[in-house]
Structure formats: structure tokens, C-alpha cells
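Reader: Can you walk me through this one? I want the fold, the pocket and a few residues.

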Amino acid sequence: MREFQKILDRNEKVLWEGKPKFFPYVLRGIVLSLFGLFFMIVAGFIQYKLITQGNWYALFIPHFWVGLAMLLWFPIYNSLNYKYVYYVITNKRVIFQQGIIGRDFGAFDFDQVTDLEVNIGVWDKLVGRDSGTIIITAQRYCSMYNIPHPYEVFKFFKGVSYNIKTDINYPNKYRPQVNPGYNTEYKPRK
């Protein structure tokens, strides 16, 4: 459900919006749950050894239960959260929407973005069919996971970011001729 309109400023325009591809996004949760399975097996083996030696308190050691929770939590969370995940590029910032119970939003203004990367992972290659992840570095890392056509979105994002940063750094009469100013119009991409 697209709810990011709730936090848009008055003159803010959406230039691009997207969401992850379903299978690579959910499979990412399954890979994380494999760590929980490994944790559960190791902890279960240790607990079994302790119980067979007569140490029944081992049933109350939480390691096995934590592993079981990890095994189940990640794929369930990603499956439920998928419906609410949206990524948005506007003429002012980048917005991240997610959240199962309520909508959570994160945003980076373009002047905070210091670096962009595009990564094509194993799941993107195997089941994503032309999906990838864009990693944004600002005051912290944030990622747009498993988006379709990542190279095109990356180039678009990089271009908008450069133009807006130029508008901010060279205001008014100091603007270079190649960038006419903050009022540069962008055509929305879908």
C-alpha cells in the first residue's frame, strides 16, 4: 500500500517509485533464517548433551528457542512486510516506506547523500531476473533491495542527485550555465 504521500511536502514531486521484486526479497529472509537453523542445531545438540547427563535446566537455556525464532521470523516478516515496502525518489529526497503494523518512513535529503552503489546479488541473478540493490550512504547506510532494472534506476538517481546538489551549491547568479537552477523540471519515471 502506497502511503508515502502522507509525508510529501507541498511542492514535492515524485520522480520515481518502486518496490522490490517479490521472490528475491522474500528469499533474502530465508537465507537469514538458515543462520537461525544452524544456531538452533548447534544449541540443540549442546542442550541434548546436557539433558542426557541429567542437567534438566538445559531446557531453559534460550539458545535453541532463539534459533527457532530466527528460523521462523525472517521469512514470515519479509513476506508480510513486502506489501508495504516502497522506495521513492522525489525532487527533494529519497523516501523508504515499510512496516507491518504501521507505516515507518525513512528519508535522505539529496544534500546528505555522499555515495551510491548498485549491487546484483546471488538471489537477484537466480530468481530476480534483472533486479538489484542500490546502497545509499548518507549519515547511515540504507538500501533499496531487489528493485527491477537497478542500473537504470541507479543512473537516474545519480543524475537527479547531482543536479540537485549543483543547485544547492551554486545558487542564484553563481549557477553554472549547464544547470539552470533549482527549478529544473524532472519528468517522473515509472
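Author: We can start with the overall layout, then take the pocket, then go residue by residue. Keep in mind that this is a predicted model.

Reader: Fine. How many helices and strands are in the protein chain?

Author: Four helices and seven strands.

Reader: In what order do the elements run from the N terminus?

Author: The order is β-α-α-β-β-β-β-α-β-β-α.

Reader: What share of the residues is buried?

Author: The chain has 190 residues, and 40% of them count as buried.

Reader: And the surface. What does the accessible area come to?

Author: About 11,800 Å². Carbon and sulfur atoms hold 62% of that area.

Reader: What about contacts between residues at least 24 apart?

Author: Take the contacts between residues at least 6 apart in sequence. Of these, 58% join residues at least 24 apart.

Reader: Pocket next. How much space is in the largest one?

Author: About 240 Å³.

Reader: Which residues lie nearest its centre, and how many line the largest pocket?

Author: The lining has 14 residues. Y87, F96, Q98, C142 and S143 lie nearest the centre. Strands β3 (93–98), β4 (104–109) and β7 (141–148) each give two or more residues to that lining.

Reader: How do the lining residues divide into nonpolar, polar and charged?

Author: Seven are nonpolar, five are polar and two are charged.

Reader: Let's zoom in on F96. Which strand is it in?

Author: F96 sits in β3, and it is one of the residues nearest the pocket centre.

Reader: Why does F96 count as buried?

Author: Because its relative accessible area is 9%, and the cut-off for buried is under 20%.

Reader: What does F96 touch beyond its sequence neighbours?

Author: Setting aside residues within four places, F96 is in contact with Y86, Y87, D104, F105, G106, F108, I136, C142, S143 and M144.

Reader: Other polar pairs. What does the E17 side chain join up with?

Author: The side chain of R2, through a polar contact of 2.7 Å. E17 lies in β1 (residues 14–18). At 17% relative accessibility, E17 counts as buried.

Reader: Switching to I134. What is its relative accessible area?

Author: 0%, so I134 counts as buried. I134 is found in β6, residues 131–137.

Reader: Which residues does I134 contact?

Author: Leaving out neighbours within four places, they are L116, E117, V118, C142, S143, M144, I147, P150, V153, F154 and F157. For M144, the C-alpha to C-alpha distance from I134 is 5.1 Å, at a sequence separation of 10 residues.

Reader: Backbone check. What is phi for N146?

Author: Near 50°, which is positive in a residue other than glycine. N146 lies in β7 and is buried, with 4% relative accessible area.

Reader: And where is H149, and what is its phi?

Author: H149 has a positive phi of about 50° as well, although it is not a glycine. H149 is placed in the loop between β7 and α4 (150–169).

Reader: Is H149 buried or partly exposed?

Author: Partly exposed, with a relative accessible area of 40%.

Reader: Last one, I76. Which helix?

Author: I76 is in α2, residues 63–81. At 45% relative accessibility, I76 counts as partly exposed. I76 and S33 are 43 residues apart in sequence, and their C-alpha atoms are 9.9 Å apart.

Notes
Residues numbered from 1 in each chain as written. Predicted model: local features only at pLDDT ≥ 70, side-chain atom pairs only at ≥ 80, totals over all residues. Heavy atoms only, no water. 1 Å grid on protein atoms, 1.4 Å probe; cavity = no way out; pocket = protein on both sides within 12 Å on 5 of 7 lines; lining within 4 Å. Points joined across faces, edges and corners; volume = space filled by probe spheres on them. Nonpolar A, V, L, I, M, F, W, Y, C, P; charged D, E, K, R; others polar. Buried < 20%, exposed > 50% of the residue type's maximum accessible area, 1.4 Å probe, protein only. Contact = heavy atoms within 4.5 Å. Areas by Shrake-Rupley, 256 points an atom, 1.4 Å probe, with all protein chains shown as cover. Polar contact = N/O pair within 3.5 Å; in protein donor to acceptor, adjacent residues only side chain to side chain.
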